[in-house]
Amino acid sequence: MTTDTATTDLARYRARHFEWRVAEHVGQITLNRPERKNPLTFDSYAELRDLFRALVYAGDVGAVVISGAGGNFCSGGDVHEIIGPLTKMDAPGLLRFTRMTGDLVKAMRACPQPIIAAVDGVCAGAGAILALAADFRIATPSARTAFLFTRVGLAGCDMGACALLPRLVGQGRAAELLYTGRALGAEEGERWGFYNSIVATEHLLADATKLAADIASGPTFAHAMTKTMLHQEWSMSIDQAIEAEAQAQAICMQTKDFGRAYEAFAAKRQPMFEGD
């Protein structure tokens, strides 16, 4: 996939290593190897990275849903197609691979569209990182998330896990998951703040898509700014964050979305919030 600074139409893109479609400004990624619980390969890692990079220029996508086929989200890196070859790779090759997988997370965080992970069944290893890197996580009661890296003799600090997970569930809970590799169930995950909500299995994709459609129908530039500031303010002091948000909000106030929203509320003569 190649992109430039011009707006692109990703509805026409045909993915090779997973399913991709765009409907009503919602991009839908489906990891589709259900017989293996949707593992990632070298090719699917790279194509996902390139797709999220291309979303920066997409004019037809306002939000993204990522899910897995066949009752599971993603079982992580394919044992035979990734882990086996990695044991035979030299040090420079290994570093190229780990940087490439990290680039996928960077691309997910950098793309302006909010990402909703719809998690059912197994969500393990790199699959858990995909869910972690999303902006929202919706689970079914059978969702089980595990950061399995220590189970295969690797550190828990993979693809940004040691930066992202503590911010979501807290340092102590993140340490427990990353040291032990144990599975985090749906109810516990919601209680810890990993999952935003739990829904019935049969409603998972519909609920995730509705959330994405609601976001996509809103002020696109403002949502992109919110995502950017949520990401960038991790490394700012409170004073720096307040100033950055002042500048960001002033920019948003110059958009047509801001003017249209005011005109719509003024015409209806209704409060912006039902509690007003």
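**Cores, sheet and cysteines of a predicted model**

The largest nonpolar core contains 57 residues, and I29, F52 and F147 have the most contacts inside it. Such a core is a set of buried Ala, Val, Leu, Ile, Met, Phe, Trp, Tyr and Cys residues joined through side-chain atoms within 4.5 Å; buried stands for under 20% relative accessible area, exposed for over 50%, and partly exposed for values in between (1.4 Å probe, protein chains only). Helix α4 (residues 126-133) gives the most to this core, contributing 7 residues. Helices (H or I, at least four residues) and strands (E, at least two) are DSSP runs, numbered from the N terminus. A second, separate core has 12 residues, including V26, A208, I215 and A216.

This is a predicted model, in which local features need pLDDT of at least 70 and side-chain atom pairs count only at pLDDT 80 or more, while totals for chains, interfaces and linings use all residues. Residues are numbered from 1 along each chain as its sequence is written, and side-chain values use heavy atoms, with hydrogens and water left out.

As general background, nonpolar side chains in soluble globular proteins tend to be buried together.

The sheet comes next. Six strands form an open sheet with mixed pairing, in the order β1-β2-β3-β4-β6-β9; two strands pair if DSSP finds at least two bridges between them. At the edges are β1 (19-23) and β9 (197-198), each of which pairs on one side only. Strands β2 and β3 run parallel and are joined by 6 bridges. Within this pair, V26 has A63 of β3 as its bridge partner, and G27 stands opposite V64 in β3. Strand β3 is mostly covered, with 5 of its 6 residues buried.

Helix α8 (residues 204-216) has 13 residues and reaches 18 Å from its first C-alpha to its last, close to the 18 Å expected at 1.5 Å a residue; the expected span is 1.5 Å times one less than the number of residues. Its buried residues are L204, A208, A212, I215 and A216. Seen down the axis of α8, these buried residues fall within an arc of 100°, so they line one face of the helix; the arc is that of the directions from the helix axis to the C-beta atoms. Their cover includes β2 (26-31), β3 (63-68), β4 (115-119), β6 (136-139) and α9 (220-232).

Two residues other than glycine have a positive phi worth a look. N38, with phi near 60°, is found in the loop between β2 and α1 (42-54) and is buried at a relative accessible area of 0%. M159 also has phi near 60°; M159 is in the loop between β7 (144-146) and α5 (161-169) and is buried, with a relative accessible area of 9%.

Finally, the structure holds 0 disulfides, a disulfide being a pair of cysteine sulfur atoms within 2.5 Å. C123 is buried, at 0% relative accessibility. The sulfur of C162 is 5.1 Å from its closest cysteine sulfur, in C157, which is also too far for a bond. C162 is partly exposed, with a relative accessible area of 46%.

Definitions and conventions
Contact means heavy atoms within 4.5 Å.
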